[in-house]
Amino acid sequence: MSETTYDVIVIGAGPVGENIADRLVQGGLTAAIVERELVGGECSYWACMPTKALLRSGSALRAARQVAGAREAATGNLDAAAVLARRDGFASNWKDDGQVSWLESAGIKLYRGQGRIVAERVVEVAGTSLTARHAVVVATGSGALVPDIEGLREAKPWTSREAAAASAVPGRLAIIGGGVVASEMATAYNSLGAKVTMLARDGVLHQAEPFAGERVTQALRESGVDVRVGAEAVSVSRDEAGTVHLTLADGARVEADELLVAIGRTPNTQDIGLETIGLKPGSWLTVDEALRVDGAGDWLYAAGDVNRRVLLTHQGKYQARALGDAIVARAKGEKADTGPWGRHAVTADERAVPQVVFTDPEVASVGLTAAAAEEAGLRTRVIDYDLGAVSGSVLHAEGYQGHARMVVDEDRRVIVGFTLVGPDVAELVHAATIAIVGEVPIDRLWHAVPSFPTVSEVWLRLLETYGR
Ligand SMILES: Cc1cc2nc3c(=O)[nH]c(=O)nc-3n(C[C@H](O)[C@H](O)[C@H](O)COP(=O)(O)OP(=O)(O)OC[C@H]3O[C@@H](n4cnc5c(N)ncnc54)[C@H](O)[C@@H]3O)c2cc1C
Ligand SMILES: NC(=O)c1ccc[n+]([C@@H]2O[C@H](COP(=O)([O-])OP(=O)(O)OC[C@H]3O[C@@H](n4cnc5c(N)ncnc54)[C@H](O)[C@@H]3O)[C@@H](O)[C@H]2O)c1
């Protein structure tokens, strides 16, 4: 077995692993990255990029149909084949040459194969033993969770991977789940012509502000999706003709051509050698504020989905920048600055995580919901405003419907949570992220004047509702 030594070994070349390795090399260290599938990870080929590509064409068509003049020009349905072809491009046709070239140009050494920790600071991959001088970082991400429902695995359901990469649109698609993947894929496949049934046992987008799930449910139903809140599948089978049959807890039956299971994620830690260092294979890697793995030595870190802090690409990459720079600092004998909002801290993971759900309407949020703020013991005031009543919204689309909520910490008079629901609100949320991270006092926000006539004028309306 050949042996090679690097300053740091990163297992997993998803968006998080790539960014960590980049920061390390930019900081003057050597880094090897280990990847068993495609460089770029889930996000590039089976998650963020292809799913957003599947959603974008339907969103553009709906936007045109909401404006007189454009509506008359947008008379047909989506060209599903063209949408799928555009999606293929955004998934780089499931080839990673571009990302491999980037690794080379960034000075990061790639090893292909399953990486396994075999001892402290030692990782084996495809017959090569890699030794780390300073650290090993696990950035192996997550995979789809498939529940133990009778007959489900034998029925060969789609997970998010098959939904993101499908080469044809099924006539009927049933979905188990009511979270982000379920809601986005119900939106996408409905727009592509599938008859969608969504079994949302625990409600639709139930982790968001309640009005978000309610509006998305209503819009999905209006566009023809059969949303069944509270419905639970108890058994599944696929017959010889390929039809999937589901039986629900209340005895109801659902038939579909494909079944998507979208009920959350499981960590990719089953076969990475955790047992060799006293940790449990298949478990999420819990970490401290420096992203060091609990129960391991100070040489092992975990970032991105696998540490379960926040399962989002942008937040994982935020962890990657902080962690990469912290390892560089420690390697130089400096102390890492992991105190709140420090250079190497991941404070935003707890206080200001933005997320956009690309449904129709879109849901864009950051920070705490009103319920979460109350649960955290904050003395809050919740300000709501009808987004459709803003001049910019009325101009943006006929019959624009939306809602905005601002959650204010009354003791500090700063915003701690913000949620927008409406067409094209995705690009509006970053202003709220800055207000929360910057802890901008409400009194100062009165001086941040939104342009007229934009949808952003909702900021002014919220402040007026709050009062001066
Ligand atoms: C359908 C869907 C849509 C999504 N859309 C969005 C979105 O719009 N915006 C957003 O912010 N987030 C989105 N997410 C979440 C996002 O995909 C993840 O948060 C992100 O991919 C996490 O990055 P990561 O690098 O931690 O893990 P991954 O992207 O999962 O990458 C981990 C990599 O490690 C490799 N690996 C695993 N084990 C080993 C091993 N032992 N040896 C070698 N290599 C290994 C894997 O092959 C993979 O390439 C979506 C998720 C899904 C499922
Ligand atoms: N636009 C985006 O930012 C985006 C898009 C897609 C996915 N993601 C990320 O990917 C992750 C995975 O998404 P997801 O939708 O799979 O998970 P999720 O956690 O968002 O939703 C899972 C849903 O399934 C329900 N559920 C759990 N077990 C169930 C069961 N046995 N039967 C029926 N329902 C059950 C849960 O109550 C929940 O509503 C999320 O954490 C999300 O952050 C982000």
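This is a predicted model: local features need pLDDT of at least 70, side-chain atom pairs count only at pLDDT 80 or more; totals for chains, interfaces and linings use all residues.
A polar contact is a pair of N or O atoms within 3.5 Å; within protein, one must be able to donate a hydrogen and the other to accept it, and residues adjacent in sequence count only if both atoms are side-chain atoms.

View 1. An oxygen atom of ligand 1 sits 3.2 Å from a side-chain N or O atom of His-314. Alone, ligand 1 exposes 990 Å², of which the protein buries 93% (Shrake-Rupley areas, 1.4 Å probe).

**View 2. Elements around ligand 1.** Two or more shell residues come from each of α1 (15–26), β2 (31–35), α2 (41–45), α3 (48–65) and α9 (313–331). Helices (H or I, at least four residues) and strands (E, at least two) are DSSP runs, numbered from the N terminus.

**View 3. The residue shell of ligand 1.** The ligand is surrounded by 35 residues, each with a heavy atom within 4 Å of it. Closest are Glu-35, Lys-52, Gly-115, Asp-305 and Thr-313. The shell holds 14 nonpolar, 14 polar and seven charged residues; Asp, Glu, Lys and Arg count as charged, and Gly as polar.

**View 4. Model confidence.** Mean pLDDT (the predictor's confidence in each residue, from 0 to 100) is 97 for the protein, and 100% of residues reach 70 or more. Strand β1 (residues 2–11) is lowest, with a mean of 93. Strand β8 (residues 172–176) is highest, at 99. For the complex, the predictor gives ipTM 0.98 and pTM 0.98.

Residues are numbered from 1 along each chain as its sequence is written, with chains lettered from A and ligands numbered from 1 in written order. Local features need pLDDT of at least 70, side-chain atom pairs 80 or more, while totals for chains, interfaces and linings use all residues; side-chain values use heavy atoms, leaving out hydrogens and water.
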